[in-house]
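Dear colleague,

Please find the structure below, handed over for your files. My notes on it come directly after.

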Amino acid sequence: MTATTETTAAASSARTAPEFDRAEARTAHNYHPLPVVVAHAEGAWMTDVDGRRYLDLLAGYSALNFGHSHPRLLEAAHAQLDQLTLTSRAFVHDQFADFTAKLGDLCGKDLVLPMNTGAEAVETAVKVIRKWGYRVKGIPADQAEIIVASGNFHGRTTTIVGFSDDPDARDDFGPFAPGFVTVPYGDLAALEAAITPHTAGILVEPIQGEGGVVIPPHGYLRGIRDLATAHDVLFAADEIQAGLGRTGRTFACDHEDVVPDLYVLGKALGGGIVPVSAVVADRDVLGVLQPGQHGSTFGGNALACAVGSAVVDLLATGDFQRRADEMSVLLRERLEAMIGHGVVGVRVRGLWAGVDIDPAVGTGREVCERLMARGVLAKDTHGSTIRLAPPLVVSEDDLTWGLDQLAAVVGQR
Ligand SMILES: *Cc1c(COP(=O)(O)O)cnc(C)c1O
């Protein structure tokens with residue numbers, strides 16, 4: 001497959017420009033999208049309203065790990081739409097048991113608490129950690145502390161942005177919830193020093209995606225696991241972006257053979273079709289919740305469970321993890337060859353990369369605009385970094401072609 005060779009700027013196209021302007025006119029500007037208007041997508045390719053094709057190197061921030069319109073996921077969604085979509089948790093539906101059992105098994109854990117968005121799953125983890133802290137560990141009322149890492153991204157609720165150190169995410173949204181202690185990411189000594197008798201949990205991303213695919217030093221996750229066990233503290237791994245095949249393993253924690261107390265999952269769990277998130281943990285942790293203490297109207301709905309089950313079926317084959325692992329070699333080789341040629345640094349794990357652009361070449365945004373003109377869609381993060389997260393179904397030829405475009409764009413001065 002090859003993308004169109006047309007290089008006309010989207011803004012001058014027949015349907016794109018008016019559609020883009022219309023879309024921007026009636027929304028809050030809480031995003032700064034590239035000037036493309038997508039109408040269709042399959043696998044790793046998207047088509048815009050003017051019929052131009054683009055290779056998707058973002059995959060919906062890893063929500064589309066299995067690619068657009070994966071036939072098995074679409075089939076599950078279509079079939080379920082005709083049967084039942086929602087009961088609320090007031091009643092049990094026939095998709096619930098399969099989903100929770102399959103996801104629990106994938107994680108090697110007893111229980112699953114389904115929610116919708118990633119931020120809700122993180123909020124759920126925070127609540128479970130605190131309740132466990134009071135009910136099981138015996139922390140005095142309202143004194144529980146959760147340790148988080150600098151540079152984190154865990155979502156957009158007021159509680160979560162309160163422990164972000166990104167001014168854009170945080171400024172003007174206070175007052176913030178207390179009870180969070182921030183330590184430098186990757187620094188085990190700082191983490192250990194921050195643990196007190198009031199510490200209930202540690203919440204970290206095994207790899208910081210939004211932060212620019214920041215990979216902690218090897219041994220960090222194992223160290224957190226050991227500290228958590230030694231100090232009777234829960235380890236919650238936010239695998240919302242890093243998990244479910246992206247890094248070449250089912251979970252990013254698998255790279256250190258580490259099992260956290262709580263898996264926090266989202267994004268790809270919904271197959272890019274519906275929002276599905278979950279906290280997955282053993283009975284001694286999730287068992288602290290009693291009826292009425294937490295919930296969600298849409299969490300664990302029948303459509304979500306049907307799609308989520310199909311997602312877990314795909315992951316259970318191991319094919320996607322293997323693919324990400326194999327293609328990682330190509331991604332790393334090509335990106336490392338760009339260092340000194342418009343790229344100043346790269347971090348690669350599985351089919352996931354943070355690419356630091358030489359400021360002399362332009363900003364991350366400018367590079368993404370030039371990529372778009374060549375039929376490749378990617379997104380900058382933190383000014384000068386581009387995050388590459390192609391759907392795990394991308395072919396070797398297509399990925400090679402996409403990386404050719406990046407090499408050409410950053411090589412141009
Ligand atoms: C995207 C993301 C979230 C938030 O997920 P939403 O579905 O956008 O609420 C939380 N944590 C991590 C690591 C993420 O990448």
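This is a predicted model: local features need pLDDT of at least 70, side-chain atom pairs count only at pLDDT 80 or more; totals for chains, interfaces and linings use all residues.

Residues are numbered from 1 along each chain as its sequence is written, and side-chain values use heavy atoms, with hydrogens and water left out.

On the surface, a patch of negative charge is formed by Asp325, Glu326, Glu396 and Asp397. A patch takes residues with over 30% relative accessible area and no salt bridge, like charges being joined within 9 Å; a salt bridge is a side-chain nitrogen of Lys or Arg within 4 Å of a carboxyl oxygen of Asp or Glu. Helix H12 (319-337) and helix H14 (396-411) each give two or more residues to this patch; helices are DSSP runs (H or I) of at least four residues, numbered from the N terminus. Asp397, which lies in helix H14, is exposed at a relative accessible area of 61% (exposed means over 50%, buried under 20%, with a 1.4 Å probe and protein chains only).

Helix H5 has 20 residues (118-137) and should span 28 Å at 1.5 Å a residue, which agrees with the 27 Å between its end C-alpha atoms; the expected span is 1.5 Å times one less than the number of residues. Among the buried residues of H5 are Val122, Ile129 and Trp132. Gly138 follows H5 and has a positive phi, near 85°.

Gly308 belongs to helix H11 (residues 302-316) and is buried, at 0% relative accessibility. Its C-alpha atom is 32 Å from that of Met372, 64 residues apart along the chain.

Yours sincerely

Note on methods:
Patches are made of residues with over 30% relative accessible area and no salt bridge: like charges are joined within 9 Å, nonpolar side chains (Val, Leu, Ile, Met, Phe, Trp, Tyr) within 5 Å. Accessible areas come from the Shrake-Rupley method with a 1.4 Å probe; for residues, only the protein chains shown count as cover. Lys and Arg count as positive and Asp and Glu as negative; His and the chain ends are not counted. The place of a charge is taken as NZ of Lys, CZ of Arg, CG of Asp or CD of Glu.
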